[in-house]
Amino acid sequence: VVIKTDQLDGETDWKLRKAIAKTQYVSSLAELSQMHACIKDQTPHQEIYSFLGTFFINEEKGESATGLDLEHTIWANTVLANGLAYGLVIYTCTDTKSQKNARDPRTKTGKIDNEISLMSFLLFLVLIMLAVGTLTLNGYRENWYVLLMRYILLLSYIIPISLRVNLDLAKAWYSLNISSDNLIPGTITRNTTIPEDLGRVQI
């Protein structure tokens, strides 16, 4: 049979898979279910291009073993492109290749957001240093922690909170203009950081 694995590894080419030699000439599912056989396989791992196992079958002449490799497998999240295939499910739930390779989604942020976050952190450190320095010059008197909080509140304007709000509003407005631009019909802005990324394009 031929399978498509684009949902698993992103490759669009079709891949050939073969039945085990001992079961290639089985004509029906009933005949297959009457076979006395078992499979010894690997411990589940995330390598989608690697599989090793052994197929054991009891015949009249005794037990025989057949080696298994990648061409005898059909992983979860793959699509059977043609024909019909019967198989034995080995890996389920979190043991499947797709789950073994699953990762938590990464939060995507623009460069401006990262730069503003860094600047805000540095300004916060400067704010704390100025507040502590001012408190030290005036002396640690009774209820000094109240004075420290007052200094922090007075100097809190150092951190440009409104700058981030203005940038978010501007990016939302630019994204709306891109979506409604008659010169590029059909454009859908799915991320508000697109104007920022477009502004950093270099030729």
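Mentor: We shall discuss the pocket, then a helix. This is a predicted model, in which local features need pLDDT of at least 70, side-chain atom pairs count only at pLDDT 80 or more, and totals for chains, interfaces and linings use all residues. Residues are numbered from 1 along each chain as its sequence is written, and side-chain values use heavy atoms, with hydrogens and water left out.

Trainee: How many residues line the largest pocket?

Mentor: On a 1 Å grid over the protein atoms alone, a pocket is an open set of points where a 1.4 Å probe fits, with protein on both sides within 12 Å along at least five of seven lines; lining residues have an atom within 4 Å of a point. Here 36 residues line the largest pocket, and I20, H72, Y86, G87 and L88 lie nearest its centre.

Trainee: Which residues of helix 4 are buried?

Mentor: Helices are DSSP runs (H or I, at least four residues), numbered from the N terminus. Buried means under 20% relative accessible area, exposed over 50%, and partly exposed in between, with a 1.4 Å probe and protein chains only. In helix 4 the buried residues are D113, I116, S120, L127, A131 and L135. Their cover includes helix 5 (144-155) and helix 6 (161-179).

Trainee: Where does T109 lie, and why does T109 count as partly exposed?

Mentor: T109 is in the loop between helix 3 (97-100) and helix 4. T109 counts as partly exposed because its relative accessibility is 44%. The C-alpha atoms of T109 and T193 are separated by 7.6 Å, although these residues are 84 residues apart along the chain.

Notes
Helices (H or I, at least four residues) and strands (E, at least two) are DSSP runs, numbered from the N terminus. Contact means heavy atoms within 4.5 Å.
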